[in-house]
Amino acid sequence: MTQNQPPARKLASPLYRGAALMLAVVAFAAGAAEVAGVKLEDKTQVESRDLVLNGAGLRKRVVFNVYVIGLYLPEKKSDTAAVLQLAGPKRAAIHMLRDVGAEQFTDALIEGLRENHSEGDYKALEPRVKELAGIFAEIKEAKKGMVIALDWTGAATRLMVNGKPTGKPISGEDFYRGLLRIWIGDKPVQNDLKKSLLGA
């Protein structure tokens, strides 16, 4: 060893170890996102179509963390109009952080739909809102740890609970777009959540 060469033990210094740890964290982050302790994969599939995680965020109500939601699309988009016009399957994956009764859950969805639609437009969606409410009524409760996915298959809205189809598919792309407006519409349930879902 020459005089100018550092001893090998320097490679184990806190600085080197810190750099290695940082690289490991970055590598993990490249494969998944984490929000409020919930890990979301950066890719999923709906109807054998590959989707990417567009964004994810935390839904809070007063001081309570209610759920983490991730929006999956065929390709990343950063504004509401582009998301709604994007063709192909989509998924809104809701990871429950607390128990919420079916009626309370559907009431929150209805409130979000009403906020983002005229009375006439909501009336057109209402029969299908009742279909979705009926499916949630069968579930009875959105329990902590449950993953509820609202999928657009390209032909209908399908509810998935912990990876399994639940209830009958609901027709009409206008209905699915209406659901997405709850989170990314002009009057979203939470402004910072909208920004997160749009990748801000």
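Biologist: Which residues line the second largest cavity?
Modeller: In this predicted model, the lining of the second largest cavity consists of I69, L71, A92, L180, W183, I184 and L197, where a cavity is a set of points, on a 1 Å grid over the protein atoms alone, at which a 1.4 Å probe fits but cannot get out, and a lining residue has an atom within 4 Å of a point. The elements that give two or more residues to that lining are β5 (64–73) and α5 (173–184), helices being DSSP runs of H or I with at least four residues and strands DSSP runs of E with at least two, numbered from the N terminus.

Biologist: And which element gives the most there?
Modeller: That is α5, which gives three residues to the lining of the second largest cavity.

Biologist: How many of the lining residues of that second largest cavity are nonpolar, polar or charged?
Modeller: Seven are nonpolar, with no polar and no charged residues; here Ala, Val, Leu, Ile, Met, Phe, Trp, Tyr, Cys and Pro count as nonpolar, Asp, Glu, Lys and Arg as charged, and the others, Gly among them, as polar.

Biologist: What volume does the second largest cavity have?
Modeller: Its volume is about 30 Å³, meaning the space filled by probe spheres set on the grid points, which are joined across faces, edges and corners.

Biologist: How many cavities of 30 Å³ or more are there?
Modeller: The count is two, and the largest cavity holds about 40 Å³ of space.

Biologist: What lines the largest cavity, then?
Modeller: The largest cavity is lined by T106, L109, I110, L113, V129, L132, A133 and L179, of which seven are nonpolar, one is polar and none is charged. Helices α3 and α4 each supply at least two of its lining residues, and α3 gives the most, with four.

Biologist: Switching topic, at what angle do α3 and α4 pack?
Modeller: Helix α3 (residues 102–115) and helix α4 (residues 119–139) pack at about 165 degrees, with their axes 10 Å apart. They are therefore roughly antiparallel to each other, a label for angles over 145 degrees.

Biologist: Which residues make the contact?
Modeller: From α3 there are A102, F105, T106, L109, I110, L113 and R114, and from α4 there are E119, Y122, L125, E126, V129, L132, A133, F136 and A137, with contact taken as heavy atoms within 4.5 Å. By class, this contact has twelve nonpolar, one polar and three charged residues.

Terms used:
Residues numbered from 1 in each chain as written. Predicted model: local features only at pLDDT ≥ 70, side-chain atom pairs only at ≥ 80, totals over all residues. Heavy atoms only, no water. Axes fitted to C-alpha atoms, helices over the stretch in contact; angles between N-to-C directions. Parallel < 35°, antiparallel > 145°, perpendicular 65-115°, else oblique. 1 Å grid on protein atoms, 1.4 Å probe; cavity = no way out; pocket = protein on both sides within 12 Å on 5 of 7 lines; lining within 4 Å.
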